[in-house]
Amino acid sequence: MDAAATGTRVYRFESGDPNFSLAPHVRDAVGAAADAGRTHYIPNNGIPELRAALAHKVRTRNGIAGVTTDDVFVTNGAMHALFVTFSCLLRPGDEVIVPDPMWTEVVENVRLAGGVPVGIPLRAEDEFAYPPEAIARAITPRTSAIFINTPHNPTGAVLSEERLRAILNIAREHGLWVISDEAYEDVLFAPATHVSVASLAPDYAERIVSIFSFSKSHAMSGLRTGYIVARDPVLRDRIPKLLRCTINGVNSLAQWAALAAVSGDGEYVRAMGDEYQLRRDLMLEALSGIPGVRPFVPRGTFFLWVELDPALYARLGVSGADELSSMLAARGIGSAPGDAFGESCADAIRFAFSCSTEMVREGSAVLRAVLLGQA
C-alpha cells in the first residue's frame with residue numbers, strides 16, 4: 001500500500017492471507033522431507049500417501065461416501081483447482097451460475113475456460129444465502145453448472161443443508177454439474193456447521209466436483225496446496241492430463257506438509273478458529289452503531305461484509321464505495337469495494353480480519369473513527 005511508504009501505520013484489512021505460522025508438526029514435516037531427499041519428480045495427481053489421507057478425510061469428515069485415492073487430485077491451491085475443473089468441463093459459451101457477490105477469480109476462471117458466468121444476486125434479508133428460486137430462473141439451454149461456495153467469500157454466509165438440498169434438486173432436474181468450493185470449511189463460528197454438498201447426494205456423485213484447500217484452515221497459503229475430488233470417469237481422465245501440462249505435480253515438500261496437516265489432531269486449526277472469532281467480534285463491535293454502515297455477522301471465513309448507505313458517502317464526501325475504499329487506503333486501512341466481487345453489490349465493502357489480533361484491535365478503532373468522520 002502507498003500509505004506504508006509515507007510512514008502511515010497500515011492495517012491489512014484487504015488481504016485474505018492468514019497471519020499464523022505453520023503448525024510445528026507441519027513445519028517439521030517439511031524439514032524431514034527435505035532431509036530424506038524427497039525433492040524429486042512426483043506423480044502428477046499427487047503423492048500416494050497424501051491422496052490416500054485426503055480420501056480418508058473426505059469420507060470421514062466431509063461425509064462423502066465411497067471416495068478413493070483415484071478420485072483425489074492434488075493441485076497448486078484451490079485457484080488452480082478451479083482453473084483445472086472449469087477447463088476440463090466447459091465448452092465455449094457454456095454458462096455457469098455463480099453467486100453475486102463472489103470471489104473475483106472464480107468468474108475469471110470460468111471465462112478463461114471459455115464459459116460465461118451468470119450471477120445470482122445475494123441479499124442481506126436472506127442472510128446472503130444462495131436463492132434456489134433465482135438459480136432455477138437463470139437456467140438456459142447453455143447452462144452447464146451451478147457453482148457453490150460455502151462458507152462464502154466475501155460475505156461469510158454459510159449454506160444450510162436444506163438450501164444445499166434445494167440446489168441439488170435443481171441440478172438433478174436439469175442434469176447440471178455442481179462445483180463446490182469448500183476452501184473455508186474449517187473457518188466457522190458456532191453454531192454454524194459446514195455441510196459438503198456431495199455428502200447429500202451419493203446418487204449424483206459423478207456430477208459433483210468438490211474443491212478444498214490448505215491455505216485458509218491451515219495457514220498454508222504460500223505452500224499452494226489444494227485438491228479436487230471428482231468421481232466422473234471423463235474428469236478422472238482429463239484432470240491428470242491438465243495437471244501434467246500445467247504444473248507437472250505440486251511442489252513435493254508442500255505435499256508432505258499437507259500430509260502432516262491433514263493427519264494432525266486438529267488442535268492448531270481449532271486454536272486459529274478461536275482467534276478468528278475474537279477478531280471477528282472486535283471488528284463487529286467497532287462497526288456497530290455507525291450511521292449508514294450495516295455489517296453482516298459472518299458465520300464463517302475471516303471476512304466482514306458491510307453494506308453502505310448513500311448518506312454515508314455524503315457525510316464523508318466520497319462518491320461511493322470505490323472512493324471510500326481509496327480514502328481508507330490513503331489512511332492506511334485496507335479494504336475491497338463491493339463491485340470488485342460482482343455487479344449487484346456496488347454499495348458494499350469487505351474487510352478481512354486475517355491479520356494479527358493486535359492489528360485488528362487497533363485498526364478497527366481507527367476505522368470506526370474514520371467512518372464516524374472523527375479522523
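Mentor: Start with a pair of side chains: Arg 172 forms a salt bridge with Asp 203, and their closest N and O atoms are 2.8 Å apart. The two residues come from distant parts of the chain, Arg 172 from helix α7 and Asp 203 from the loop between β5 and β6, 31 residues apart. Keep in mind that this is a predicted model.

Trainee: Why is the contact of Arg 172 with Asp 203 called a salt bridge?
Mentor: The cut-off is 4 Å between a side-chain nitrogen of Lys or Arg and a carboxyl oxygen of Asp or Glu. The N and O atoms of Arg 172 and Asp 203 are 2.8 Å apart, so the pair meets the definition. In general, side chains of opposite charge can pair when their charged atoms come close.

Trainee: What makes Asp 203 exposed?
Mentor: Exposed means over 50% relative accessible area. Asp 203 has 58% relative accessibility, so Asp 203 counts as exposed. Arg 172, at 30%, counts as partly exposed.

Trainee: How many salt bridges does the structure hold?
Mentor: The structure holds 18. Among them is the one between Glu 127 and Arg 299, at 2.8 Å from N to O. Glu 127 lies in the loop between β3 (116-121) and α6, and Arg 299 in the loop between β8 and β9, so this pair ties together parts that are 172 residues apart in sequence.

Trainee: What is the N to O distance in the salt bridge of Arg 12 and Glu 14?
Mentor: The distance is 2.4 Å. Arg 12 is partly exposed, with a relative accessible area of 39%. Glu 14, at 21% relative accessibility, also counts as partly exposed.

Trainee: Which residues of α7 are buried?
Mentor: They are Leu 164, Ile 167, Leu 168, Ile 170 and Ala 171. An α-helix has 3.6 residues a turn, so residues three or four places apart point the same way.

Trainee: What covers that buried side, and what does the other face carry?
Mentor: The cover over the buried residues of α7 includes α6 (132-138), β4 (143-149), β5 (177-181) and β6 (208-213). The face turned away carries the exposed residues Glu 162 and Glu 173.

Trainee: What makes Ser 364 a buried residue?
Mentor: Buried means under 20% relative accessible area. Ser 364 is at 3% relative accessibility, so Ser 364 counts as buried. This residue lies in helix α13 (residues 357-371). Apart from neighbours within four places in sequence, Ser 364 is in contact with Phe 13, Leu 282, Met 283, Ala 286 and Met 359.

Trainee: Why is the phi of Thr 301 worth a remark?
Mentor: Most residues other than glycine have a negative phi, and most peptide bonds are trans. Thr 301 is not a glycine, yet has a positive phi of about 65°. Thr 301 lies in the loop between β8 (293-295) and β9 (303-308), and at 0% relative accessibility counts as buried.

Trainee: Where does Asn 248 lie, and what is its phi?
Mentor: Asn 248 lies in the loop between α8 (233-246) and α9 (252-263). Its phi is positive, about 55°, although Asn 248 is not a glycine. With a relative accessible area of 33%, Asn 248 is partly exposed.

Trainee: Which peptide bonds are cis?
Mentor: One joins Asp 100 and Pro 101, with omega about 15°. Another runs from Thr 150 to Pro 151, with omega near -10°. Pro 101 lies in the loop between β2 (95-100) and α5 (104-112), and Pro 151 in the loop between β4 and α7.

Definitions and conventions: Residues are numbered from 1 along each chain as its sequence is written. This is a predicted model: local features need pLDDT of at least 70, side-chain atom pairs count only at pLDDT 80 or more; totals for chains, interfaces and linings use all residues. Side-chain values use heavy atoms; hydrogens and water are left out. Buried means under 20% relative accessible area, exposed over 50%, partly exposed in between (1.4 Å probe, protein chains only). Helices (H or I, at least four residues) and strands (E, at least two) are DSSP runs, numbered from the N terminus. Contact means heavy atoms within 4.5 Å.
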